Amino acid sequence: MTIQAIINNAIKRLKLEGKLLTPDFYTEAFCKEAKKAGMNVEDCNHLEKFTLSLNPEFQKDLRNYHIKTQHEFVRFIISKLNRTNPTQATQTIEAQNLLIKRVLQVVGVLHNKEAAQLAKNTMDILDSGAKSEQIDNFRQRWVNFLTTYDDTFLQKLKSFGNISSDDLRKSIEDLNINAKETSMVESIPVLEKISKLLISSFVPSIASSVNDTIANISNKIQKNPSLLESESIEKEIKTAISLRIALDKESVKEMVESIDGVLDKLSLRLIDMIEKSDSSNEEIRSIKKELEAYGENPVTNFKVAHKKLYTIAVALEENTQLLSIDLKNHSGEVKALSNKVKKLEKELAAAKHESKEDFLTKLYNRRALDDFMEIKEAEYKRYERNFSVILFDLDKFKDVNDNYGHDAGDAVLVAFAKILKIECRTVDIVGRFGGEEFLAILSETDTKGGAIFAEKVRKHVQKARFMYKGKRIGVTVSSGVSERAKHISLSATINSADEYLYVAKTNGRNRVEFKKK
């Protein structure tokens with residue numbers, strides 16, 4: 001098969017797949033047809049060569065993401081580069097160092113099956129290149145394990161020989177220890193008992209995690225209970241207790257704020273409902289006063305909050321029966337109103353379908369533009385009246401919505417529509433083609449005339465002051481121009497304008513593109 005045949009097949013493939021004849025789509029189709037024909041084309045092997053030049057990890061990622069084109073390859077590399085953040089890397093290294101420190105502390109004092117498994121899992125996530133959040137999660141698991149570990153059973157091993165170090169607890173449980181042997185456990189020094197009780201008291205009772213400082217002190221006392229006799233440890237113990245209390249207080253504060261928020265909303269809703277009700281009795285009015293008083297003095301006790309919520313729930317259950325009965329009595333009226341609403345919605349939908357005006361910009365909508373283009377096409381075929389088609393697209397419009405909000409985006413669309421109305425002639429047709437894309441149909445106008453009109457619009461937009469809530473929004477527009485006389489059909493003319501719009505976007509935006517010759 002010849003190269004020309006492959007080119008023809010590639011173009012046919014694009015038409016069958018409904019894709020535009022752009023460089024990227026054409027390259028993809030050409031390489032598929034060349035491979036199908038068994039022809040080895042050098043330009044189609046660039047992706048494979050680039051892939052082989054990467055390290056094994058990147059090659060694995062490419063396979064996982066099913067990268068098939070050079071365009072996808074470039075986007076993949078860019079995304080990798082964008083995720084390379086020195087600050088994030090430093091944080092990850094610090095988290096890893098802290099995690100390793102915790103692992104070494106635990107391994108230094110334990111010979112335990114659970115610890116060994118946790119260590120293995122930790123090493124697995126480190127080897128897999130875990131993120132700092134995952135590493136921090138495993139660090140907390142090590143801290144919790146270290147501060148709650150009970151090693152009193154190790155005292156039973158002093159009088160025995162070879163014991164499996166894989167699971168010491170199981171070894172002890174399998175042995176037949178008599179009363180004399182168990183008395184060894186009872187002879188644990190008083191300081192060791194006190195140290196275990198003290199370490200247990202360090203663990204927050206409400207907060208879900210242990211502070212690193214608490215973990216360090218706990219580990220130090222657990223290794224050497226005799227430190228309790230020294231004066232130097234006193235300050236550290238007080239610090240640990242203060243931290244434990246602070247963690248609990250913070251958790252309590254968050255819980256209270258959550259309950260306060262729920263009660264505030266419930267209070268406002270109930271008060272509003274009570275004020276609108278004609279059947280309020282003394283009990284409901286009493287609850288209303290209580291809720292109003294609560295709004296001035298927030299609940300700071302869980303039991304009080306629970307009691308208030310329970311009282312409100314009981315009152316609601318007892319005093320909404322009349323409302324329920326009333327609703328049932330009026331269910332027929334509600335149903336009739338519902339049917340009427342549905343009918344009105346259908347009529348509104350039909351009216352929208354028949355409308356030829358875009359609801360936001362007040363320009364012609366897509367349906368109206370299609371009708372006008374059919375009329376222009378008929379005039380061209382019968383009287384050879386040439387016309388030009390221009391597609392406009394506001395540059396980086398998504399950024400406007402993201403940075404200023406959708407209301408600002410709507411304001412920009414309306415302002416651009418006014419510019420189109422100002423610049424066009426009375427015989428021209430302008431409308432909203434969809435989203436931030438607009439279309440102009442210029443009667444008795446060739447490509448040159450269309451390009452002049454598009455350039456006037458572009459300059460007008462560039463100089464205009466798009467304001468929203470006192471803030472100026474920078475807006476530019478790109479466009480593609482095509483005339484009917486130079487194409488075999490109306491659809492080909494529109495596709496050509498769309499292709500030149502794509503070229504304008506690719507070449508830097510804020511420009512007009514058209515066939516120069």
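Biologist: Is Val481 buried or exposed?

Modeller: The model is predicted, and in it Val481 lies in strand β6. Its relative accessibility is 1%, and the cut-off for a buried residue is under 20%. Because 1% falls under that cut-off, Val481 counts as buried.

Biologist: Which residues does Val481 touch, not counting residues up to four places away in sequence?

Modeller: Contact here means heavy atoms within 4.5 Å. On that basis Val481 touches Val389, Ile390, Thr447, Gly450, Ala451, Ala454, Tyr500, Val512, Glu513 and Phe514.

Biologist: What distance separates the C-alpha atoms of Val481 and Ser388?

Modeller: Val481 belongs to strand β6. Along the chain, Val481 and Ser388 are 93 residues apart. Their C-alpha atoms are separated by 7.1 Å.

Biologist: Which element gives the most to the largest nonpolar core?

Modeller: The largest nonpolar core has 30 residues. Elements that each supply at least two of its residues are β1 (387-394), α19 (397-404), α20 (406-423), β3 (437-443), α21 (447-463), β4 (466-468) and β6 (477-483). With seven residues, the element that gives the most is α20.

Biologist: Which residues have the most contacts inside the largest nonpolar core?

Modeller: Leaving aside neighbours within four places in sequence, Phe392 is in contact with residues including Leu420, Phe438, Phe453, Val457 and Val477. Phe416 is also in contact with Phe392. Inside the core, the residues with the most contacts are Phe392 and Phe416.

Biologist: How many residues does the second, separate core have?

Modeller: This core includes Val106, Ala130, Ile135 and Phe145. Its size is 16 residues.

Biologist: At roughly what angle do the axes of α8 and α12 cross?

Modeller: Helix α8 spans residues 132-148 and helix α12 spans residues 212-223. Their axes come within 10 Å, and the crossing is left-handed. The angle is roughly 35°.

Biologist: How many nonpolar, polar and charged residues are in the contact of α8 with α12?

Modeller: From α8 the contact takes Arg139, Val143, Leu146 and Thr147. From α12 it takes Asp212, Ala215, Ser218, Asn219 and Gln222. By class, these are three nonpolar, four polar and two charged residues.

Biologist: Of the contacts in the protein with a separation of 6 or more, what share do residues 24 or more positions apart account for?

Modeller: The protein has 22 helices and seven strands. Buried residues make up 34% of its 517 residues. For the contacts in question, the share is 65%.

Key: Residues numbered from 1 in each chain as written. Predicted model: local features only at pLDDT ≥ 70, side-chain atom pairs only at ≥ 80, totals over all residues. Heavy atoms only, no water. Axes fitted to C-alpha atoms, helices over the stretch in contact; angles between N-to-C directions. Helix = DSSP H or I, 4+ residues; strand = E, 2+ residues; numbered from the N terminus. Left-handed = near helix turned anticlockwise from the far one by under 90°. Nonpolar A, V, L, I, M, F, W, Y, C, P; charged D, E, K, R; others polar. Buried < 20%, exposed > 50% of the residue type's maximum accessible area, 1.4 Å probe, protein only. Core = buried A, V, L, I, M, F, W, Y, C linked by side-chain atoms within 4.5 Å.
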